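Reader: I am new to this structure. Please take me through one part of it closely.

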Amino acid sequence: IKCLGHVQHKVRIMASRALSNLCGGDGEDCSRESSRGVLIGKCLNILSFQPEQTPIHYNHNLDHGGLLAIKVLLTTSSDPVRYFDGRLLQAVVYYATCCEKRWTSPPPCITVALEVWLGV
């Protein structure tokens with residue numbers, strides 16, 4: 001998870017792919033640390049976007065890596081729609097709309113958010 005915020009773009013890409021490979025799948029056992037739902041939740045927790053508070057500090061590398069990991073976790077899922085609600089939906093809409101038209105998110109985050117939205 002820490003590598004998702006690395007300064008090098010390729011490291012973030014490889015970290016998101018590795019996280020997908022470590023995922024235990026779409027099984028019903030959502031309490032395991034390697035379950036897809038838990039991993040998506042961890043990725044959501046590292047994003048600057050938190051629905052209940054305004055972020056004071058933006059870490060664009062961490063945002064980009066978290067969104068990349070969410071994208072890969074959803075695209076490797078047999079049922080991605082199952083995870084696409086609540087906080088995940090809010091986060092994707094937030095980044096896809098340029099941080100609610102505040103333009104505080106870099107283009108790579110916006111692009112990945114739009115790809116996630118399009119892929120589901």
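This is a predicted model: local features need pLDDT of at least 70, side-chain atom pairs count only at pLDDT 80 or more; totals for chains, interfaces and linings use all residues.

Author: Cys 98 follows H4. The phi of Cys 98 is positive, near 60°.

Now step back into the helix. H4 covers residues 86-96. Its buried residues are Leu 88, Ala 91, Val 92, Tyr 94, Tyr 95 and Ala 96. An α-helix has 3.6 residues a turn, so residues three or four places apart point the same way. Keep that in mind when you look along the helix.

Two of the buried residues in H4 are Tyr 94 and Tyr 95. The structure holds one aromatic pair. Tyr 94 and Tyr 95 form it. Their ring centres are 5.2 Å apart, and the planes stand at 85°. That makes the pair edge-to-face, because an angle over 60 degrees counts as such.

Next, turn to H2 and H3. Two packed helices are described by the angle between their axes and the distance between the axes. H2 spans residues 36-46, and H3 spans residues 60-75. Their axes come within 8 Å and cross at roughly 160°. H2 and H3 are therefore roughly antiparallel to each other. Their crossing is left-handed.

Which residues meet there? From H2 come Arg 36, Leu 39, Ile 40, Cys 43, Leu 44 and Ile 46. They meet Leu 62, Asp 63, Gly 66, Ala 69, Ile 70, Leu 73 and Leu 74 in H3. Ten of the residues in this contact are nonpolar, one is polar and two are charged.

How values were computed. Residues are numbered from 1 along each chain as its sequence is written. Side-chain values use heavy atoms; hydrogens and water are left out. Rings of Phe, Tyr and Trp (its six-membered ring) pair if their centres lie within 6.5 Å; planes under 30 degrees apart count as stacked, over 60 as edge-to-face and the rest as tilted. Axes are lines fitted to C-alpha atoms, for helices over the stretch in contact, and angles run from 0 to 180 degrees between N-to-C directions. Helices (H or I, at least four residues) and strands (E, at least two) are DSSP runs, numbered from the N terminus. Angles under 35 degrees count as roughly parallel, over 145 as roughly antiparallel, 65 to 115 as roughly perpendicular and the rest as oblique. A crossing is left-handed if the near helix is turned anticlockwise from the far one by less than a right angle, and right-handed if clockwise. Contact means heavy atoms within 4.5 Å. Ala, Val, Leu, Ile, Met, Phe, Trp, Tyr, Cys and Pro count as nonpolar, Asp, Glu, Lys and Arg as charged, and the others, Gly among them, as polar. Buried means under 20% relative accessible area, exposed over 50%, partly exposed in between (1.4 Å probe, protein chains only).
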